[in-house]
Amino acid sequence: AAFQDDGTGERLMIKLMRGIGLAKRDSGNDRTSDPFVELHYGKLIQTSEIKHNTLNPHWDQLFEFKYNPDDRKLLIKIWDDDKLGRDSMGQAEVHISSSLRED
């Protein structure tokens, strides 16, 4: 995570890299998952690409949120995509510190 100011206000930049050894949620012989991630910051939600049939997904995606100093946490939810909906694979909460700013 990092802060950036492009003249229109500070932005919180989040780079989603990869998952390692995620849970098997799909049925069938291959017993893998189709993981994707939701990033929740304040009232905003952004979603990653779905990575099919893997327990070790590589996203390498950059997400950008307008920074609000009152929003001090980033909630990361991992889901398995299914034809009939989605299954939770876990979540984590990250405290956003102003010390991430690049001066």
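Me: Which side chain does E38 meet in a salt bridge?
Reply: R86. The N to O distance is 2.6 Å. A salt bridge here is a side-chain nitrogen of Lys or Arg within 4 Å of a carboxyl oxygen of Asp or Glu.

Me: Where do E38 and R86 sit in the chain?
Reply: E38 is in strand β3, residues 35–41. R86 is in strand β7, residues 85–95. The pair links distant parts of the chain, 48 residues apart. Strands (E, at least two residues) are DSSP runs, numbered from the N terminus.

Me: What kind of model is this, before I go on?
Reply: It is a predicted model: local features need pLDDT of at least 70, side-chain atom pairs count only at pLDDT 80 or more, and totals for chains, interfaces and linings use all residues. Residues are numbered from 1 along each chain as its sequence is written, and side-chain values use heavy atoms, with hydrogens and water left out.

Me: Back to the first pair. Is E38 buried or exposed?
Reply: Buried, at 10% relative accessibility. Buried means under 20% relative accessible area, exposed over 50%, partly exposed in between (1.4 Å probe, protein chains only).

Me: And what about R86?
Reply: R86 is partly exposed, with a relative accessible area of 40%.

Me: How many salt bridges are there by this rule?
Reply: The count comes to 5. One of them joins E49 and K51. Their closest N and O atoms are 3.0 Å apart. E49 is partly exposed, at 42% relative accessible area.

Me: Which residue does E93 pair with?
Reply: K73, by a salt bridge at 3.5 Å, N to O. E93 lies in strand β7 and K73 in strand β6 (residues 73–82), so the bridge ties together parts that are 20 residues apart in sequence.

Me: How accessible are those two, starting with E93?
Reply: E93 is exposed, with a relative accessible area of 54%. K73 counts as partly exposed, at 46%.

Me: Where is N53?
Reply: In the loop between β4 (44–47) and β5 (58–66). N53 is partly exposed, at 48% relative accessible area.

Me: What about phi of D60?
Reply: D60 has a positive phi too, near 50°, and is a residue other than glycine.

Me: Which strand holds D60?
Reply: D60 is found in strand β5.

Technical notes. Helices (H or I, at least four residues) and strands (E, at least two) are DSSP runs, numbered from the N terminus.
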